[in-house]
Amino acid sequence: MEYIGDLIKRALLSRRDMLLAIPPFLIACGGGSSLTPSTVRFNSIKPNTLDDITVPDGFRWRMVIGWGDPLFRQEERINYQRLREGGTTTQDVEIQKRTFGYNNDFIGVIEHNNRYIMVVNHEYFNPELVFPPEHLGKPTYEEAMLMLEAHGLSVVELFRNSDFTFRPVVGSNYNRRITGSTRCLIEGPAKGHRYVGDSAEGTLNNCSAGKTPWGTVLTCEENFNSYFGGDINSVQETLVREIHQRYGVPSRFADVYGFYKYMDRFDVSKNPYESFKFGWVVEIDPLDPNRPPIKRTALGRFKHEAATCVVAPSGQVVVYMGDDERFQHLYKFVTKGKYDPINRENNMKLLDEGTLYVAKFYDNLTGEWVMLAEVSAGQIRVNPSLPSLYKQDPALVFIDTRGAATSLGATKMDRPEDAEWNPVTQSLWAVMTYNDRRTSPEPANPRPYNYMGHILEIIEQRNDPTATSFSWRIPLLCGIPQHPDPTKELLVYGQRVSTDTPPISAPDNITFDRFGNVWIATDGNEDDVRLRVNDGVYVLDIYERSLKMFLSGPRGCEICGPEFTSDNRTFLCAIQHPGEGGKGSWPHDAVVPRPSVICVVREDGTKI
Ligand code: FEO
Ligand code: CA
Ligand code: CA
């Protein structure tokens, strides 16, 4: 416990750091003093266990679109009753291909020519909430195919109502579904490798994502292993077996989806290489429905959570990425070429050449980005300290990125979820959701049995995202205010907080308001080892160093994809897997719960 106390002291800011974090216009009027109006203008709600959405006084929420809602023709909608009764047909599969997918996660709103184009990830499926209970673990062919088509992404144009809420424009030319069966191209250093090939059927387990400065979306394939079944011992090549084991292929969840029973490509015994086509960052062009998704292999292969782009002072583009599994790593990719605001086609090639790095955190609150490999003019140069395996077959660094990173001594983190660049503080905020298996704390992951999770702030040297060294601190150690167990106590910038501060755990996706305050969506509050309340959206006020709760979701859900419109008048988020665990039925408009995107506005229409 002594150890944690020391770490917390060190996580406190130095005066210099504090100045770095606060924009000049606020320092000038004494940021955080009682004379300055707060930048977080609402009264915190309290965590609850209602099967509904709660927002603060003065705000209201509205559903934007939910699972099975039409994208192309008003009359196309999933027949939830038929699915629940076990009568899923091939026609239902066709309708799912053309309607909003399941388990919405990332939300990106692209503002283009006065239009709002929303891109949403559909991460996974909850058959236990949709099909008859007796089908669990043995879905019919039609059920398996419907689940495959419910994955991927939806692109949907939104109409903005006069009160700043949104509704879908059914039939817009921008509307599109990308699913587990959509043909994708493969580009970058692993293209053409015998394990990977040059195309893929579908994108799966799209969790979080990022928007590029040229208006595309980088969608992240996370737990892609979940869909692969079969017998690992039947795989002949030792190296292939070893890599699959590092990534959890095959998975105990394979029976839930049943894909491998109906499609040979998901059976490792029949097709040992198919899973190498997944675990990538995939670039989607929401402005061109005819452009195929492209898997960008230069960004490495792991359980990708997020891909956040920043344009560096040099014009190079930096993509920050987490690998969301216990004891996995934090990465970044720095493009070789520069972003050109007037040459979109050129920008579309930027992510194929550059350098992939992995983070190493040191005890003295500094850290280093260790180069894994560099791609230039079609040639790969690997870190000379890598084992010979990667030198003999350099593309392997991008295919077995986990193995390469771990061999270089990359820091093993507490499940890296989102990693987002804060444009106000000019620093990277990286979320560690939790890691109940950690027995040895170390500085950047300072709690044993980290049930509650924490958020790191990484300050790149000169605030330049291309830098190879950084300093870091821990602005938020999640937990319960004044909890007697120091591994579960909520600490904000290293300080204890009053008991009326809302407890928070399992931070997942984050975004920033126009002041740089951190809006945090959670995934795991409900668990018995955490808070036993619904997940929600919290705001870390970086000036007053306080925490408030903005939104509480319905039962069983996690909240994902927090997103502001550029004018900060509308906040959107995804209600994913409502009713999971059999706890609820939100939004109470069908025989089954429906994952949905919602928006929140101020009743008086002013900025949030
Ligand atoms: Fe899909 Fe890491 O959350
Ligand atoms: Ca997530
Ligand atoms: Ca999560």
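Helices (H or I, at least four residues) and strands (E, at least two) are DSSP runs, numbered from the N terminus. Welcome to this predicted model, where local features need pLDDT of at least 70, side-chain atom pairs count only at pLDDT 80 or more, and totals for chains, interfaces and linings use all residues. Residues are numbered from 1 along each chain as its sequence is written, chains are lettered from A and ligands numbered from 1 in the order in which they are written, and side-chain values use heavy atoms, with hydrogens and water left out.

View 1. Glutamate 94 and lysine 97 both belong to helix H5 (residues 90-98), where they sit 3 residues apart, about one turn of the helix. Their side chains form a salt bridge at 3.2 Å, N to O (a side-chain nitrogen of Lys or Arg within 4 Å of a carboxyl oxygen of Asp or Glu). Glutamate 94 is partly exposed at 42% relative accessible area, and lysine 97 is partly exposed at 31% (buried means under 20%, exposed over 50%, partly exposed in between, with a 1.4 Å probe and protein chains only).

**View 2. The calcium ion (ligand 3) and its donors.** Glu417 (OE), Asp508 (OD) and Asp523 (OD) coordinate this ion at 2.3 to 2.4 Å. Donors are N, O and S atoms within 2.8 Å of the metal (3.2 Å for Na, K and Ca); water is not among the atoms, so sites may look incomplete.

**View 3. Glutamate 563 and its surroundings.** Glutamate 563 lies in strand E29 (residues 558-564) and is buried, at 9% relative accessibility. A polar atom of its side chain is 2.8 Å from the backbone nitrogen of valine 109. Among the residues that glutamate 563 touches are Ile107, Lys211 and Phe571 (contact means heavy atoms within 4.5 Å).

**View 4. An open sheet of 4 strands.** The strand order is E1-E31-E30-E29, with antiparallel pairing (two strands pair if DSSP finds at least two bridges between them). Strand E1 (59-66) and E29 stand at the edges with a single partner strand each, so one side of each has no neighbour in the sheet. E1 pairs with strand E31 (residues 596-602) over 7 bridges, and isoleucine 65 stands opposite valine 597 in E31.

Technical notes. Polar contact = N/O pair within 3.5 Å; in protein donor to acceptor, adjacent residues only side chain to side chain. Lists of a residue's contacts leave out its neighbours within four places in sequence.
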